Amino acid sequence: MKISSREVEYVAHLARLEVTEKETEKFTAQLNDILLYIDKLNELDTKGVEPMSHAIAVTNAFREDKILDSIGTQQSLSNAPDARGEFFRVPKVID
Amino acid sequence: MDFETVIGLEVHAQMLTDTKIFCNCSTKFGGSPNSHTCPVCLGMPGVLPVLNKKVVEYAMKMALATNCIINKSCEFARKNYFYPDLPKGYQISQYAYPLAEYGYVLLDTNGTQRKIGITRIHMEEDAGKLLHDEHNPVSYVDLNRTGVPLIEIVSEPDMRSPEEAADYLKRLHEILVYLEICDGNMEEGSFRCDANVSIRPRGQKEYGTRTELKNMNSFRNVQRALEYEIKRQQYLVENGGTIVQETRLWDDAQGVTNSMRSKEEAHDYRYFPDPDLVPILVDEVWVEKVRENLPELPLAKRERFVKEYQIPAYDAGVLTADKALANYYEEVVKLSLKPKVASNWIMGDVMRFLNEDKLDIRRCPIKAESLADMIRLIEEGAISGKMAKEVVEDMYKTGKSPQDIIKEKGLVQITDEGELIKTITSIIEANQAQVAEYRGGKEKVFGFFVGQVMKATKGKANPQLVNELLKKMLAG
């Protein structure tokens, strides 16, 4: 096995996903298949091939440093599950 | 046991661009909460970030000013973690391929230069601000700061004492402000520092376990926090405890560091290249264009001041700590042609006034031109150095020219020989005993006569002339 159910649970937790035991089992098997396939790709000799991080051959897409209107506080907050005054409101976080 | 301290610093500096790093919202500090936001910096689904070119150029400036190698190609990565000040659930930063690497900053301590290595400089976005409710279990989120451009400057673990760390930090700060790419305001958080610190028995090669210190918002606090933390680590080691690798927060009021605990697992950031942002290629032409536009940097200015103006290294250090102060000094020198005298007046009286009022040289009521005029008036003998002390204080208080103040206060020096001879004659007559002493070889008494003349003339006599006349007349 390339991946254990414990690792799947850990990754799910990092992504704040709740998964049932059954789902964990299913995802472990699926992820295992994916990783095995990656192993197959690794058999290919890529010596001398530059690693690539993007599928398109575009570089240097820039923007000028010019202020445009923001959308304003009211609109910014309009999708928020909870807000108060001009702020988003969230459960208390302190550390 | 004799321990050696090992310190490395991570500095975050906000770039002085008008807009955020990936959208056109304003970076202005102090706007009403969430007013500088848009779908991009709010992290709405389906939006695309586009890189602000100026951020790259500013970061390149810093890279060149700290002797880094700028990578021909670099890219952005996502740093994944959940926190309410980060609406997307990841911070766009640089990871495997940063903008620049392998630089250094020179520290100059009493003529001994030491290199502090820079591991890397990369670009990233700032997070928002949280306000915690004191009575209810909620926090309030302001996302104005989300997406404000930052550069992170990571040093090698090259510093060996808290003083050295503070010195390095001051040099970095100075360079950023000289380059005009960061306002350097530590209280408002536009210049922030985290410190990694460990100790090891002197002579040991391996590093000890380090702790990371956060929440220090002044140079002094960085030094204090490091001093405390080193003592804490030494105490632990000497008493059989173990140092835990962790993040600790500096508590300014208590003067201690406390473990931050929690979030241990959250350190798994799962970086990966951001597919929304394409790679950045920097060619030699671009680098040279940025290099050509670099201003004179603090260290170069310091060395030039010593050479060109023949002032002590200490003076040059003080005068170049702030670019505006250095410009002011150069202006005064240009107009007065007296580099050392100008340095003395600026470092002495002018800076004392400014410090008392917590004013910046930019807001100094004494214009460089006026200070130069005053220096010229002393040189010409129109006023004495003692009078000048009074004049300069008035210049600061009123912003008037020295000529006007001298006229108003009637502070004209007595340079009329006849008048002074009269005064000296009567002083000699009244102090025959001292005259005899002087003529008998006790030259120290000369000072007494100078004092008497100054007293009689209320300090208005030209000192050179007094000396000359006294010497002649006392000789008998």
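This is a predicted model: local features need pLDDT of at least 70, side-chain atom pairs count only at pLDDT 80 or more; totals for chains, interfaces and linings use all residues.
Residues are numbered from 1 along each chain as its sequence is written, and chains are lettered from A in the order in which they are written. Local features need pLDDT of at least 70, side-chain atom pairs count only at pLDDT 80 or more, totals for chains, interfaces and linings use all residues, and side-chain values use heavy atoms, with hydrogens and water left out.

The size of an interface is often given as the accessible area lost when the parts come together. Chain A and chain B bury about 4100 Å² between them, with 58% of this area on carbon and sulfur atoms (accessible area for a 1.4 Å probe, lost on being put together and summed over both parts). To this contact (heavy atoms within 4.5 Å), chain A gives 38 residues and chain B gives 60 residues.

One salt bridge is counted between chain A and chain B (a side-chain nitrogen of Lys or Arg within 4 Å of a carboxyl oxygen of Asp or Glu). Its partners are the side chains of Asp65(A) and Lys54(B), at 4.0 Å from N to O. Over all chains, the structure holds 40 salt bridges.

Within chain B, helix H7 (residues 313-320) packs against helix H9 (residues 339-356) at an angle of about 55°, and their axes are 11 Å apart (helices are DSSP runs of H or I, at least four residues, numbered from the N terminus; axes are lines fitted to C-alpha atoms over the stretch in contact, and angles run from 0 to 180 degrees between N-to-C directions). Residues in this contact include Tyr314(B) and Val318(B) of H7(B), together with Ile346(B) and Met351(B) of H9(B).

Technical notes
Helices (H or I, at least four residues) and strands (E, at least two) are DSSP runs, numbered from the N terminus. Buried area is the accessible area (1.4 Å probe) that two parts lose on being put together, summed over both.
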